[in-house]
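User: I am new to protein structures, and I would like a close look at how the chains meet. Could you walk me through the contact surfaces and then through what lies behind them?

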Amino acid sequence: MAIKPSLLLCFLLVASLSVSLSSAYIRSGGSALFTIVSGNNRESYNLERDDVLRIPAGATAYAANRDNNQNLRIVKLVVPVSNPGKFQDFFPGGQQNPRSYYHGFSRQTLEAAFNSPYPAIVRALLGQQSEQQEGQSQSQTQALVRATRDQIRQLRQNARSSQEVGQSRSGPFNLRNFQNPISNNYGRFWEAHPNQVPQLQDLDVSVILMVLNQGSLFLPHKNSKTWVVAYVSEGSGLFEIATPRREQGQEEQEEQEQTYGEIQGLSAQLNQGDVFVVPPGYPFALTASNNNNLHVVGFDINIQDNQRSFLAGERDNVIAQIDSVAKELTFSGSNQQVESLLRNQRQSYFASAQPQQQEQQQGGESGYAFA
Amino acid sequence: MAIKPSLLLCFLLVASLSVSLSSAYIRSGGSALFTIVSGNNRESYNLERDDVLRIPAGATAYAANRDNNQNLRIVKLVVPVSNPGKFQDFFPGGQQNPRSYYHGFSRQTLEAAFNSPYPAIVRALLGQQSEQQEGQSQSQTQALVRATRDQIRQLRQNARSSQEVGQSRSGPFNLRNFQNPISNNYGRFWEAHPNQVPQLQDLDVSVILMVLNQGSLFLPHKNSKTWVVAYVSEGSGLFEIATPRREQGQEEQEEQEQTYGEIQGLSAQLNQGDVFVVPPGYPFALTASNNNNLHVVGFDINIQDNQRSFLAGERDNVIAQIDSVAKELTFSGSNQQVESLLRNQRQSYFASAQPQQQEQQQGGESGYAFA
Amino acid sequence: MAIKPSLLLCFLLVASLSVSLSSAYIRSGGSALFTIVSGNNRESYNLERDDVLRIPAGATAYAANRDNNQNLRIVKLVVPVSNPGKFQDFFPGGQQNPRSYYHGFSRQTLEAAFNSPYPAIVRALLGQQSEQQEGQSQSQTQALVRATRDQIRQLRQNARSSQEVGQSRSGPFNLRNFQNPISNNYGRFWEAHPNQVPQLQDLDVSVILMVLNQGSLFLPHKNSKTWVVAYVSEGSGLFEIATPRREQGQEEQEEQEQTYGEIQGLSAQLNQGDVFVVPPGYPFALTASNNNNLHVVGFDINIQDNQRSFLAGERDNVIAQIDSVAKELTFSGSNQQVESLLRNQRQSYFASAQPQQQEQQQGGESGYAFA
């Protein structure tokens, strides 16, 4: 699986057609037109911000940016139908970059297939050999083509929006219709879950959107079964994760012997365009910077029967559920100390990144990043 | 998965028993007797041309060629129950090539298992050490044994044909009962689909048979999700496929960077006994030679929700469904040129391999194989 | 998948919490207390001998040995949720061996998460840096903690036994409730099958228990689809398996060419604590030693539609089902000799390891281990 964010310049039409993938799209900016064609059908959709569209594996599809003056951004999860990690795009048109798949057939076969003389096929489908230089830049690739306003207008005919589509087995849906109850004043969370959205059912994937308010913290938590693959669509912040410690050159050995609870913290600045991945079971947290909200869109993969457990905060806090005796045997403090500590955080899920209560003696080394 | 075509000489009995495989058999010639035994049951079947039989994983089975003067050919798809790509045959009888699995147990255990003295076990099951030479040829292997007419006659008792079995959850079925509507005067296609045939349901495999008439073309098309594994059982022809271009020594790099629409054509002569494989999404075409029909039997693996899309012809043509504007932006010709070209082929799925319409100026380099 | 037998000393509490695994436990000795906590729930169970408990993937769990003077043994099958063969434990508490996952977060994040000053967090959760030496022995790891009698008593409150739980979708069940009809006077077999036990349903795993009486034989047999992973919990005996012959240095080549029925016998002494694995299709047998019963607990993985076929004995004997003619063509003896041999063993499944009938001329080389 891969996330493949693409930037489509305005008034460009992607007339390139992807194949052999099950895909979900999130638009995180701009407004787009998507068309999916099969052998006997064509469906066009107008997509707005936070709309999600599934493109069936192997479908022929194309997209256009409808906006005059705004870039279109798409976040894409590619699910290969067979070999994990491998997929392949095929294009019906193009002489080079892309090159039409019709170039894969012999002259005789093409003449028979179209019941037409070869020059007519070249004229209509294959095109003249272009005099492109070697050093041509990627952005001039013919997979992206500039369309006129009038062409965009024609493409929009019969296109339906996610509202017009409503609840159906195909077509787009909007993430903002699926607010998760874990939302509060510090952050909001939307999750289109396969139990609610038939388009996602056989993929076992949730599509998520999170807006973490400036200066707020998504409390440390873990997923029991789910991989998180997420993309920062706006804002900046900090990503922290607790991972097993691996010493240099001991990877193999440690896997066998030493995974018994050795933990280190990894942290990374998050900025727009960054992608992060969290395996199941790994505790992680997110902090939004003080001057702007952090917007994250992503995919929770292997979501069925997943449990999201928090390690701090009032509700869904797995630590608070441990027996008093077991708390005492597990932690360095007495059960009273642990429970008193747990009670200090009255928020759940999302909280202020600035602690409200400060002990007198606190201060010390503020540069001390990890415990 | 593997295709394993076997040639069984007439009046030979395969008394060897395969194990740990889910298998489907297509008989593409001769007439056979198959018996499947389990711990408390025995089922025998008379198989005719184009009958398909599923052998459950791990079943003990044996087959006989009933014909006096015709070879028996079997096309077999082996689906391992656990490790992909690995399977293992086990034989209850035989001293060497094959060697009975009873040889894997100690004398003490065999005596206790059969509650009998060792010499009686050797006499009945294990046999004398034969004086076989090292250089013995494969065809003399004891997995194939010559049976008398009378023995074949006894084996046939109680054997049922696919017609007698009718529609049930086990037993054979005949491919010719499942004609696919894509058949026409140039070619016929049969497909036993898991939706129709309970024997195939949990395998997610269609068994297919195609007869492409001499001088005919199976139009370029692609499967959205299915792998095709096919065997040429009769005739000859040409196989063409459009594949991503891979330059020498750049495989790794290209996988990451350059798979963007670079296409090359691969073609191969097909003759009886050849096997070809088509991954999902790859456009391909078949042509029968001018002097005989091309017969292909095979397996469409991962068939659920597969879409077969044609790239030429009247029906199920995915290119014809693209918007006029998108056609113009995708292809080198105007929308009018593309649509006029598409209209020239009035057939669908199968067509003549000789184009009927010829442009005046056509001619040129007839040796020009690929565009 | 892995079997991970653990020895927990008496009056120790495992306050360590495992994560990202689906697990089934068999207690083969001692008596234990297991607690599983999630974000909003806590379930405690009293487990007795031969109880099985499934721990959901990613759950936080801990266990205690309730007995004063008996060691607790657990047999565990770990089913990773994503990467096969890889799993990871995480612990909420501990400074080192294990180290709390809270150590993976920065001071700032912990202060905000708990809305508390850092020293209070260190005091309650993170603990002081201990002065542990490098050479510290494994058994001193803080994942195992000694608990007082009174602490154990508190942990037992509200814990339910497998009898109290009854038939439900979660919680423990006892293997002794699932006697398999293949049991007889020589051996008894219990099998908790996913068809009967909802806890095992989506795992496609049977949990098995076998007691083979002293001087008895579990007759040679094979599974059509199932892997057997088994643990000797008591007694001693002999394990025999018929496997394809692999010559030294020819592994790769043989896999392709020579797997056609070359068989060799492998045998191994079994003692308490030993683990053995049997792939699907491989014939195997077990013999209990003459002075004690052999107790085996284990997991039959990939059990759905599995057929257990016996190669000797009266019932479920696949060889007895072969046609007379096919028997004659397969084996060295006449059909009469084979059928007379098969009739000598009147027992099914389990039998005496001492043959009752002896031929006059028998005797010979008793040291002759394999045929």
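**Where the chains meet**

Analyst: In this predicted model, 63 residues from chain B and 64 residues from chain A make up the contact between these two chains. On the side of chain B that touches chain A, at least two residues each come from strands S15 (216–223), S17 (237–244), S18 (263–270), S20 (284–288), S22 (308–310) and S23 (350–352), and from helices H6 (324–330) and H7 (335–343) of chain B.

Now turn to chain C. Here 65 residues of chain C are in contact with 63 residues of chain A. The elements of chain C that give two or more residues to this side are strands S5 (32–38), S6 (41–47) and S8 (60–65), along with helices H1 (107–114), H2 (118–126) and H3 (149–156). H2(C) provides the largest share of it, eight residues. By class, the side of chain C facing this contact with chain A holds 32 nonpolar, 27 polar and six charged residues.

How are the chains arranged relative to one another? Chain B can be laid on chain A by a turn of 120 degrees and a shift of 0.1 Å along the axis, with an RMSD of 0.1 Å. This is the relation of a three-fold axis. For chain C, a rotation of 120 degrees with 0.1 Å of shift along its axis superposes it on chain A, with an RMSD of 0.1 Å.

C:Arg66 sits in the loop between S8 and strand S9 (72–80) of chain C. Is C:Arg66 buried or exposed? It is buried, because 23 other C-beta atoms lie within 10 Å, and 20 or more is the cut-off for that label. Leaving out residues up to four places away in sequence, C:Arg66 touches C:Ser31, C:Ala32, C:Leu33, C:Ile152 and C:Arg156. C:Arg99 is 33 residues from C:Arg66 along the chain, and their C-alpha atoms are separated by 26 Å.

Next comes the interior. In soluble globular proteins, nonpolar side chains tend to be buried together. The largest nonpolar core in this model has 285 residues, and A:Leu219, B:Leu219 and C:Leu219 have the most contacts inside it. Beyond residues up to four places away in sequence, A:Leu219 touches A:Ala285, A:Phe310, A:Ala312, A:Gly313, A:Tyr349, A:Phe350 and A:Ala351, and also C:Ala113 from chain C.

Finally, look at chain A by itself. It has seven helices and 23 strands, and 50% of its 371 residues count as buried. Among contacts in chain A with a separation of 6 or more, 77% join residues 24 or more positions apart. Five of its strands form an open antiparallel sheet, in the order S13-S14-S21-S16-S19. S13 (187–192) and S19 (275–278) of chain A stand at the edges with a single partner strand each, so one side of each has no neighbour in the sheet. From one strand to the next, the twist averages 20 degrees. Inside this sheet, S16 (227–234) and S21 (294–301) of chain A pair in the antiparallel sense over seven bridges.

Methods. Residues numbered from 1 in each chain as written. Chains lettered and ligands numbered in written order. Predicted model: local features only at pLDDT ≥ 70, side-chain atom pairs only at ≥ 80, totals over all residues. Contact = placed C-beta atoms within 7 Å. Helix = DSSP H or I, 4+ residues; strand = E, 2+ residues; numbered from the N terminus. Nonpolar A, V, L, I, M, F, W, Y, C, P; charged D, E, K, R; others polar. Buried ≥ 20, exposed ≤ 12 C-beta atoms within 10 Å, placed from the backbone. Least-squares fit on C-alpha atoms with pLDDT ≥ 70 in both. Core = buried A, V, L, I, M, F, W, Y, C linked by C-beta atoms within 7 Å. Pairing = 2+ DSSP bridges. Axes fitted to C-alpha atoms, helices over the stretch in contact; angles between N-to-C directions.
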